[in-house]
2 protein chains.
Amino acid sequence: MINYPIKRKLQVKTTNYANLGMTLESDIEASNTYYLNHGIAVIHKKPTPVQVVNVSYPARNKAKITEAYYKTPSTTDFNGVYKTKYIDFDAKETSSKTSMPLSNVHEHQIDHLRNVDKQGGISFLIVHFRAYNQYFLLPSPILFEYWDMQFDKEKGRKSIPYSAFKEKALPIQFGYQPRLDYLKTVDQLLSSKF
Amino acid sequence: MINYPIKRKLQVKTTNYANLGMTLESDIEASNTYYLNHGIAVIHKKPTPVQVVNVSYPARNKAKITEAYYKTPSTTDFNGVYKTKYIDFDAKETSSKTSMPLSNVHEHQIDHLRNVDKQGGISFLIVHFRAYNQYFLLPSPILFEYWDMQFDKEKGRKSIPYSAFKEKALPIQFGYQPRLDYLKTVDQLLSSKF
């Protein structure tokens, strides 16, 4: 695992203030740009949905939104196409050393991932354990397993243990270009599936 | 082609003011909801990207956006998964009786559709000719053909003629549920391809 502190800093988009401190998201976006520019895949982050209440027109052809609110997204953040296949995922970070709290995942995201899974899409989470600087691809079926188990009175727990990531998830390598080569991990997932 | 004026009016979502007058878009969204609820496909409209400049916090946990601007989207509006396949398209309406002006399509959308096509995704436009109340699925390769031809000094024209839609595009049926059964047309496209 190599760190490039200076280069990374330079690569951070300075125009998108929403990304400040959102390292995992910007690492994924930089990887997506790399994939796109190299004809490897077409994967984009969906815009954050906003409920617009008021718009003014101070100049011609230039609408200024003066009142709006963030809405809860009904899907995951990332989707696209890779080698004819539909890819769909969300990115989660945790500072915990022992587990990823399931409260990081919203119920509508679970519903969405289940729907995608039923249509034969490739769906997963990318999870960053900050304490170890480790990245994992967690296939949806494993996520569903822990999600459903939390409602079990005896076995129920509100998190996925780090040990489960070590056993059942696939590690993603952090590098220079692309920063997070998660499609290499998707290749592993596909070859283990078929 | 049957019209259901009363029922259609009742079905229009009244909460999403952005959709007022955007019949094609709301017809597609209603069809997507039908597909989702019936386990047929998972296709969503991407949120309109907004550049947020100022946010205030009048109440705890409730961010109010006080200054923001619409951004040009870098992709098409709709994408998702249908029978393991990646689907990607945009919706266009024209009131012209003779052609669809190419100015309806943005260059970045062409770039995006080309990238999707290269990855083996299913990409197209849904085009509504208001004058005839006819809907067409225009496969990307035909769109590219006319797009590239416009730069030809001799053959160049800035629109796709209605006659080309009749000859080369696939008609989409307008009905009750789903309103626009464009996935049936995608099935025809797929069976003609393979």
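In chain A, the loop between β7 (122–129) and β8 (134–139) is where you'll find N133(A). This residue has a positive phi of about 50° although it is not a glycine. Everything here comes from a predicted model.

- You'll find T84(A) in the loop between β4 and β5 of chain A.
- Is T84(A) buried or exposed? It is exposed, with 12 other C-beta atoms within 10 Å.
- A cis peptide bond runs from Q177(A) to P178(A), with omega near -5°.
- P178(A) belongs to the loop between β10 (170–172) and α6 (182–193) of chain A.
- Over in chain B, Q177(B) and P178(B) are joined by a cis peptide bond too, and omega is about -5°.
- P178(B) sits in the loop between β10 (170–172) and α6 (182–193) of chain B.

**Chain A in outline**

- Chain A has 6 helices and 10 strands.
- It is 194 residues long, and 32% of them count as buried.
- Take the contacts in chain A with a separation of 6 or more: 60% of them are between residues 24 or more positions apart.

**Two helices that cross in chain A**

- Helix α3(A) packs against α4 (residues 140–149) of chain A at an angle of about 135°, and their axes are 10 Å apart.
- That angle makes α3(A) oblique to α4(A).
- The crossing of these two helices, α3(A) and α4(A), is left-handed.
- On the α3(A) side, the contact is made by I110(A), L113(A), R114(A) and D117(A).
- On the α4(A) side, the residues are S140(A), L143(A), F144(A) and W147(A).
- Sorted by class, the contact of α3(A) with α4(A) has 5 nonpolar, 1 polar and 2 charged residues.

**Where the two chains touch**

- How many residues does the contact take from each chain? It takes 34 from chain A and 34 from chain B.
- Several elements of chain A each supply at least two residues to the side that touches chain B: β1 (42–45), β2 (50–59), β3 (62–70), β4 (78–82), β5 (85–94) and α3 (107–118).
- The largest share of that side of chain A comes from β3(A), with 8 residues.
- By class, the side of chain A that touches chain B has 17 nonpolar, 11 polar and 6 charged residues.

- β3(A) pairs with strand β3 (residues 62–70) of chain B in the antiparallel sense, over 4 bridges.
- One example of this pairing is A68(A), whose bridge partner in β3(B) is I65(B).
- What is the order of the strands in the open sheet? Its 4 strands run β2(A)-β3(A)-β3(B)-β2(B), with antiparallel pairing.
- The edges are taken by β2 of chain A and β2 (50–59) of chain B; each has a single partner strand, so one side of each is left without a neighbour in the sheet.
- Direction ignored, neighbouring strands of this sheet are turned by 25° against each other on average.

- β2(B) and β3(B) pair in the antiparallel sense over 7 bridges.
- Within that pairing, N54(B) has E67(B) as its bridge partner in β3(B).
- The hairpin of β2(B) and β3(B) has 2 residues between the strands, and N61(B) takes a positive phi near 65° there.
- β2(B) is hardly covered: among its 10 residues, the count of buried ones is 0.

**A closer look at K64(B)**

- K64(B) lies in strand β3 of chain B.
- It is partly exposed, with 15 other C-beta atoms within 10 Å.
- Leaving out residues up to four places away in sequence, K64(B) touches E67(A) and Y69(A) in chain A, along with V55(B), S56(B) and P58(B) in chain B.
- K64(B) and N54(B) are 10 residues apart in sequence and 8.6 Å apart in space, C-alpha to C-alpha.

Methods
Residues numbered from 1 in each chain as written. Chains lettered and ligands numbered in written order. Predicted model: local features only at pLDDT ≥ 70, side-chain atom pairs only at ≥ 80, totals over all residues. Contact = placed C-beta atoms within 7 Å. Nonpolar A, V, L, I, M, F, W, Y, C, P; charged D, E, K, R; others polar. Pairing = 2+ DSSP bridges. Axes fitted to C-alpha atoms, helices over the stretch in contact; angles between N-to-C directions. Parallel < 35°, antiparallel > 145°, perpendicular 65-115°, else oblique. Left-handed = near helix turned anticlockwise from the far one by under 90°. Buried ≥ 20, exposed ≤ 12 C-beta atoms within 10 Å, placed from the backbone.
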